[in-house]
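Subject: Structure handover and notes on side-chain contacts

Dear colleague,

Please find the structure below, followed by some notes on the contacts between its side chains.

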Amino acid sequence: MAVTKSLTDTTVAGKENSDEQTLIVKLFKSLFNVPPIISNNNDVINIINNTQEQVIKKGMIDPESQKSLISYYETADIETVREEEVIRKMLEIIYEVRNIRHQKIKSLLQSQRSSTFLKLLQVTAMRIPVWFPKHDEQPPPLCGAIEPLPSYVAKSGDLVAALVKQSGEERWIVAEAVAFKNGKYEVEDIDVKEINRNFTLEKIYVKPLPLMRADPVTCPDAFFPCNQFVLAMYPQTTCFFKALVKAPPKTSYDGYEVLFEDDFNQYTIMMVVSQRFVVSFPSQEILHKDDEMIVEY
């Protein structure tokens, strides 16, 4: 059995490496499509600028110049859309490569010692894609601080924050969604050191983690504001605690600057937590139900 499993793992790993290489080659070839498009766009923009300068010098716009400008603007619009499509396709390839590497990291998480495990967990936070809007598109649910829809159910394999009872204590932990049956989640603690790792929880005790990172430039509203309480994963642990936001991320790669609240209502020193591991603070309804929560092992 051990030999069979080893051969299976080797075969899967080989396929993943092959898929990754194929995608990287595809990405490399796509890069050559970008410079010509940018060059064409720059040429059109230069023509538009020159035509506008001539109109300004004349102090009026004649029908021919007006017709030319409209045509150039239409061409620029078409070329810009074309450039955006090429770049978005390249981003999709990058996300596919990241997903393959993320799956490799997930398998490594099960076998690494504590320090390496926590480092790999932080790496997964940067593997989720950055969301880029089209025109005036609003950020979707689970982008940064945007809440999921009430009907949303985390997919099997997705990471969530789950309120569980371990060693006689209630705590919010990083868990992996296993299934959703009869209105309840089945989740598994990602920390392999824990003895009790499998739980069945009501939906209100599970918070899906963000699936996309937000960029402050393109969607500043997709962040928790300063002085708002949140649940944030305490550095070097896999547990969430109440924290106060002191500064949102400055870029899509930065984390939140937060102050964690201790048992004496005092605050820790400033700490940084990635977007991936910061979620909204539970409602009073959930907090009041904590003493009555039912967790099936």
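Helices here are DSSP runs of H or I with at least four residues, strands are runs of E with at least two, and both are numbered from the N terminus. Please keep in mind that this is a predicted model, in which local features need pLDDT of at least 70 and side-chain atom pairs count only at pLDDT 80 or more, while totals for chains, interfaces and linings use all residues. Residues are numbered from 1 along each chain as its sequence is written, and side-chain values use heavy atoms, with hydrogens and water left out.

Salt bridges

Side chains of opposite charge can pair when their charged atoms come close. Taking a salt bridge as a side-chain nitrogen of Lys or Arg within 4 Å of a carboxyl oxygen of Asp or Glu, the structure holds eight. One of them joins Glu 79 to Arg 82, with the closest N and O atoms 3.2 Å apart; because these two are three residues apart in helix H3 (residues 63-109), about one helical turn separates them. Burial is judged by relative accessible area (buried under 20%, exposed over 50%, partly exposed in between, with a 1.4 Å probe and protein chains only), so Glu 79, at 15%, counts as buried, whereas Arg 82, at 38%, is partly exposed. Also in helix H3, Arg 88 and Glu 84 are four residues apart, again about one helical turn, and their side chains meet in a salt bridge at 2.9 Å, N to O. A further salt bridge links Glu 188 and Arg 197, whose closest N and O atoms are 3.7 Å apart; Glu 188 is partly exposed at 25%, and Arg 197 is buried at 16%.

Aromatic rings

Rings of Phe, Tyr and Trp (its six-membered ring) pair if their centres lie within 6.5 Å, and planes under 30 degrees apart count as stacked, over 60 as edge-to-face and the rest as tilted. The whole structure contains six aromatic pairs. In one of them, the rings of Phe 28 and Phe 32 have centres 5.3 Å apart and planes at 85°, so this pair is edge-to-face; both residues are exposed. Elsewhere, ring pairs link Phe 223, Phe 224 and Tyr 256 into a cluster.

Cysteines

With a disulfide defined as a pair of cysteine sulfur atoms within 2.5 Å, the count is zero. Cys 219 is in no disulfide, the nearest cysteine sulfur being that of Cys 143, 4.6 Å away.

Best wishes
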